[in-house]
Amino acid sequence: MSRYRERSGAVVLLILMAGLLASCASTRTAQDQYVETVPLARDGQYLEAAYLIRDAKEQSYKEKDRVLYYLDAGMLLHWAGEYETSNELLSKAEIAIEELFTKDISKAMVSGVLNDNALDYSGEDYEDIYLNVFKALNYIALGDAESAHVEIRRVQIKLDLLEDKYKELIDQYNSSGDAEGELVYRENRFHNDVLARYLSLLLYRAEGSVDDARIDQDFMHEAWETQAHLYDFPKPELPDYDPPDDGLARVNVLSFSGLSPSKLADTFYINTGPGMVFLTMTNQDEDYITQQVGFSFLVVPGIPAGMHFKIQFPRLKSRRTEADRVVVKLDGIEVAELPLLEKMEEIARETFLLKQPLTIGKTIIRATVKNVAKEAGKSAMKEGLSDQGAGGFFLGLVAGVAADVAVDATENADLRISQFFPSHARAAEFTVEPGSYQVTVEYWNGRTLMDSVDHGIRDFVPGELNLVESYMLR
Amino acid sequence: MKRILPMFLVISALVLASCATGPTVTRTATDTVTDLSGRWNDTDSRLTAEAMVSSMLSSPWLERFFGEEGREPVVIVGRVRNRSSEHIDAATFIKDIERELVNSGQVVFVAGGDQRDEIREERDDQQSNATMATAAALAAETGADYMMQGVITSQTDAIEGKRATLYKVDMELIDLETNQKVWIDTKEIKKLVEQKKASW
């Protein structure tokens, strides 16, 4: 009887473990904070969304998620026009990302037992790159062109680093004793960012560094030739690096629309019945609701019943812009239509794919090890309880379910990604007589005017940087 | 049970492991060399300023000026531009240089930039609000003989977890009357930062 009690205790512990893991924030990505804030940001209520993110700091962001919090809050505050605070937060994100590139061994072990959610979020590469672009825009808005240029220079350094960042990690894995098969390195195909070069050209031109501005323009032209997979749309007319002294003011309008991709979970379940294998696939929709998308079964004679495997991968889901035409009006008169400059979501995808072999490889190995160990444990427990009659059978069944729940609870994809970067950038340059103008930027979807953003009265001065940043995150 | 209990404890410990700890603060001498991140820091600013001042004071322009004018040259600091990839507070660096030069007693410094604007504003204000006897006189500023200008640049090269940054500080002293550059020097600081890679 005491043996029976002992085994019952083991089952209770298993159930407790399952409950603990299922409720633990270390094992899954918090997404609740976005349900309300993303629609608010899309509606242009940036400050309100920023307040909600701040209020959710304790509940939805743990210390390991600090990069995510800094990025989310930093970007919302940029859109809200709170440039100094935005810079503080984006700087914190940048420093943390740099520090977290060195991950500590004990945390890596936690990830091995649980999943990547247990690790510090060190940011996606495109986030690390674009945060400098938005810091530069913050500095431009604050009238500090020199600091803006510092940020733009950092973009190129990061692009250089990206060149072999994952190659080395994959080489390291392939040559390690833990390697289970060979991971294939995906070559980096993003070396030159047009958006950063565009800002760099404007900054150099404004300070009179014609040669530097020309080099930036050359690099922009080159992007359409060497990175056609990212710049697969007509090249817009690029700003003149050495405009004539014609007494006119050159105005640059930079517009952002849409939201950067989100990460959603694709889950695969394998269950076995007597001689049968059942395959179930679920995925998350954009509202983070999980739905079943596939079911199949195989007849596999001899396979024992009661086995259960779960494996989950992150999928990048585009949240592309609805705006297909963006128009600038000065004093109510249309002066320019903004052509596409950069599909930022494509760059997000490109850099995400660089890391994907590591993510998938690590997930498969971890899930396999955990599930195999769990199935072995379940078998051992069933055997141990087989001499306890109906009670033992029932306990074995409960223990098996508890073990499945516990392991399932730890097998969650790391879905952390910042939510408030834009998906598309458009830009145009035009000349006007010096003076003050009422600036309006209209966002159109077909024949429907989605939004008309009023940028107030702006002074345009010859020889100076006359940059208007406009945005509408739908 | 004997197997399950330790497993339960280990997993629970891992799950609950991420506890934050408070910061540890240690006071240290201000001239201690601290290289935490590999970025430009106070030590770089101080060492570069010292080297620049030493070079400037041992250069022939100073002796020549003494010989010709019979007084210390008056210098104003112009802009030190930051064209590096880091936010470097040029004001700290300029102050380091000013302090070293003023303390050497061989050069007279006059205020420039925002500092000068503030002083002029105060002097203007005194004309209306201070007594005639105590108000600072207008048009009595000491004109500078030379202007010091500079630029800080950096080049970063990175491969396989190692990052090498070369900081280059170029300073020039320009004769305000003739535009002649009487002194130019460059100081370089190279830093190699090795980052550990993430463990598999």
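Helix H4 (residues 90-104) of chain B has 15 residues, which at 1.5 Å a residue should span 21 Å, and its end C-alpha atoms are 21 Å apart, in agreement. The expected span is 1.5 Å times one less than the number of residues. The model is predicted: local features require pLDDT of at least 70 and side-chain atom pairs count only at pLDDT 80 or more, while totals for chains, interfaces and linings use all residues. Residues are numbered from 1 along each chain as its sequence is written, and chains are lettered from A and ligands numbered from 1 in the order in which they are written. Helices (H or I, at least four residues) and strands (E, at least two) are DSSP runs numbered from the N terminus.

**Helix H4 of chain B**

- The buried residues of H4(B) are Phe93(B), Ile94(B), Ile97(B) and Leu101(B); a residue is buried if 20 or more other C-beta atoms lie within 10 Å of its own, exposed if 12 or fewer, and partly exposed in between, with C-beta atoms placed from the backbone.
- Viewed down the axis of H4(B), these buried residues fall within an arc of 100°, so they line one face of the helix; the arc is that of the directions from the helix axis to the C-beta atoms.
- An α-helix has 3.6 residues a turn, so residues three or four places apart point the same way.
- The buried residues of H4(B) pack against helix H2 (42-57), strand S1 (74-83) and strand S2 (108-110) of chain B.
- Ala91(B) and Asn103(B), on the other side of H4(B), are exposed.
- Gly105(B) follows H4(B) and has a positive phi, near 75°.

**Overall composition of the two chains**

- Chain B contains five helices and five strands, arranged from the N terminus as α-α-α-β-α-β-α-β-β-β.
- Of the 200 residues in chain B, 18% are buried.
- In chain B, 66% of the contacts between residues at least 6 apart in sequence join residues at least 24 apart; two residues are in contact if their C-beta atoms, placed from the backbone, lie within 7 Å.
- Chain A has 13 helices and 12 strands, and its C-alpha trace spans about 95 × 45 × 40 Å along its principal axes.
- Buried residues account for 42% of the 474 residues of chain A.
- Among contacts in chain A with a separation of 6 or more, 74% are between residues 24 or more positions apart.

**The four-stranded sheet of chain A**

- An open sheet of four strands in chain A has the order S8-S9-S1-S12, with mixed pairing; two strands pair if DSSP finds at least two bridges between them.
- Strand S8 (340-343) and strand S12 (466-472) of chain A stand at the edges with a single partner strand each, so one side of each has no neighbour in the sheet.
- From one strand to the next, the twist averages 20°; axes are lines fitted to C-alpha atoms, for helices over the stretch in contact, and angles run from 0 to 180 degrees between N-to-C directions.
- Seven bridges join strand S1 (residues 249-257) of chain A to S12(A) in the parallel sense, and Phe256(A) stands opposite Tyr471(A) in S12(A).
- Helix H12 (residues 344-385) of chain A packs on this sheet, touching S8 and strand S9 (424-432) of chain A, and its direction makes about 25° with that of S8(A).

**Strand S6 of chain A and its partners**

- Strand S6 (residues 325-330) of chain A has a covered face formed by Val326(A), Val328(A) and Leu330(A), and an uncovered face formed by Arg325(A), Val327(A) and Lys329(A).
- S6(A) runs antiparallel to strand S10 (residues 435-445) of chain A, the two being joined by six bridges; Lys329(A) stands opposite Thr440(A) in S10(A).
- S6(A) also pairs with strand S7 (residues 333-337) of chain A, antiparallel and over four bridges, with Leu330(A) opposite Ile333(A) in S7(A).
- S6(A) and S7(A) form a hairpin with two residues between them, and Asp331(A) in the turn has a positive phi of about 50°.

**Helices H9 and H10 of chain A**

- The axes of H9 (residues 145-174) and helix H10 (residues 194-207) of chain A come within 10 Å and cross at roughly 145°.
- Residues of H9(A) including Ala148(A), Ile152(A) and Val155(A) meet residues of H10(A) including Ala196(A), Leu199(A) and Leu203(A).
- Leu161(A) lies in H9(A) and counts as partly exposed because it has 19 C-beta neighbours inside 10 Å.
- Leu161(A) and His191(A) are 30 residues apart in sequence, and their C-alpha atoms are 9.8 Å apart in space.
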